[in-house]
Every structure is written in C-alpha cells, then in structure tokens.
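User: I am new to this structure and would like to understand the terms used to describe it. Please show me what stands behind each of them.

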Amino acid sequence: MIEKKTVCQIVEEWLEGKDYFLVEVTVSLDDKIVVEIDHAEGVWIEDCVELSRFIESKLNREEEDYELEVGSAGIGQPFKVVQQYYNHIGSEVEVLTKSGKKLAGVLKEADEEKFVVTVQKKVKLDGAKRPKLMEEDETFRYDEIKYTKYLISFK
C-alpha cells in the first residue's frame, strides 16, 4: 500500500516555490490517491496535470498499482486548512458550530487558533418600535465548529 506520508512529501516537493498549498491527501485501502490543492486565485487545470505527472514520476507502478486524482479543493466544500480561511477573508461564509448553531456572515479575520465572522443581527434598541439590523463580530476557535465554508452568491 502506498503511504500517505510518501504522497505528501512528493506534493510538498512540487509545491516548493509555488503559491499553491496542500489542502488534503487521502489514500484508500485500494490505493486510490486523491490530492487536493488550492491557490488564492483559483486552481488551473494545467497545474493539476503537471502535479499529477510529477507524482506519477515519483511512484513506481511496477511495485504498486494505484489510481490518482489531482484537483482543487471544491468550492462550497468545508475548509480543511487554515490557509483557506486566510484566502477567504472578506468573503461571505457559513459556519456550523458543534452545538448546532448555523450562521452566515463575512469572514473578518483569521489566525492559527481562531477566526472572526461579522454577522448581522436584529437588535431592538431602547425606545425603538422595530428591531434594527446591527453588525456584530463572532469569534470561533477551530475546535468549536463542525465546518466553515465559502458561501456562493449569485447577487
């Protein structure tokens, strides 16, 4: 069986000096290898082909047969690495907490431990007849959430 660690080392070698980053590598029991990469400005098919060929040049099909799939982290899929949070600062995201609370807002900031989402909430101010929409920052630690994903908007 091909080891995930081996594939990760090969991918990291290809990534050196490039603006791409590794999102995830999975290797199934039947040696299906799936590599997901991402880039702040999107992933080009030509680069996926180049990475695929690079991986194939480093693995020996005579020793082990495998299936290889190289692609970009799917849009609308949950973020898997902190770099994806950095790339989407200023974008609208959806967050589902482990407690089951779902909210949408603009990703304001992110660091290695936490991230901040600006959400709009209806707040009834003293003396007002109707609630008013107000922006409020909500901070989350990564271990508090089930997922965060980019919200696709067609506005």
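Predicted model: local features only at pLDDT ≥ 70, side-chain atom pairs only at ≥ 80, totals over all residues.

User: Why is Ser52 called buried?

Analyst: Buried means under 20% relative accessible area, exposed over 50%, and partly exposed in between (1.4 Å probe, protein chains only). Ser52 has a relative accessible area of 17%, so it counts as buried. Ser52 belongs to helix 2, residues 45-58; helices (H or I, at least four residues) and strands (E, at least two) are DSSP runs, numbered from the N terminus. Beyond its neighbours within four places in sequence, Ser52 is in contact with Leu68 and Val70, where contact means heavy atoms within 4.5 Å.

User: Why is Val123 called partly exposed?

Analyst: The relative accessibility of Val123 is 28%, and therefore it counts as partly exposed. Val123 lies in strand 6, residues 114-123. Its contacts, leaving aside neighbours within four places in sequence, are Pro131, Lys132 and Met134. Val123 and Met134 are 11 residues apart in sequence, and their C-alpha atoms are 6.6 Å apart in space.

User: What makes the span of helix 1 close to the expected one?

Analyst: The expected span is 1.5 Å times one less than the number of residues. Helix 1 (residues 4-15) has 12 residues and reaches 16 Å from its first C-alpha to its last, close to the expected 16 Å.

User: How do you know that the buried residues of helix 1 line one face?

Analyst: The buried residues in helix 1 are Val7, Ile10, Val11, Trp14 and Leu15. Seen down the axis of helix 1, they fall within an arc of 140 degrees, so they line one face; the arc is that of the directions from the helix axis to the C-beta atoms. An α-helix has 3.6 residues a turn, so residues three or four places apart point the same way. On the other side of helix 1, Lys5 and Gln9 are exposed. The cover over the buried residues of helix 1 includes strand 1 (21-27), strand 2 (32-38) and helix 2.

User: What makes a set of residues a nonpolar core?

Analyst: A nonpolar core is a set of buried Ala, Val, Leu, Ile, Met, Phe, Trp, Tyr and Cys residues joined through side-chain atoms within 4.5 Å. The largest here has 20 residues, of which Val7, Val11, Ile33, Val35, Leu51 and Ile55 touch the most other members. Helix 1, strand 1, strand 2, helix 2 and strand 3 (67-72) each supply at least two residues of this core, and helix 1 gives the most, with 5 residues. Apart from it lies another core, of 14 residues, among them Val95, Leu103, Tyr142 and Ile145.

User: How do you know that strand 2 and strand 3 pair?

Analyst: Two strands pair if DSSP finds at least two bridges between them. Strand 2 and strand 3 run parallel and are joined by 6 bridges, which meets that condition. Lys32 stands opposite Glu67 in strand 3.

User: Why is Asp31 called buried?

Analyst: The relative accessible area of Asp31 is 7%, so Asp31 is buried. Asp31 lies in the loop between strand 1 and strand 2. Its phi is near 60 degrees, a positive value in a residue other than glycine.

Conventions:
Residues numbered from 1 in each chain as written. Heavy atoms only, no water.
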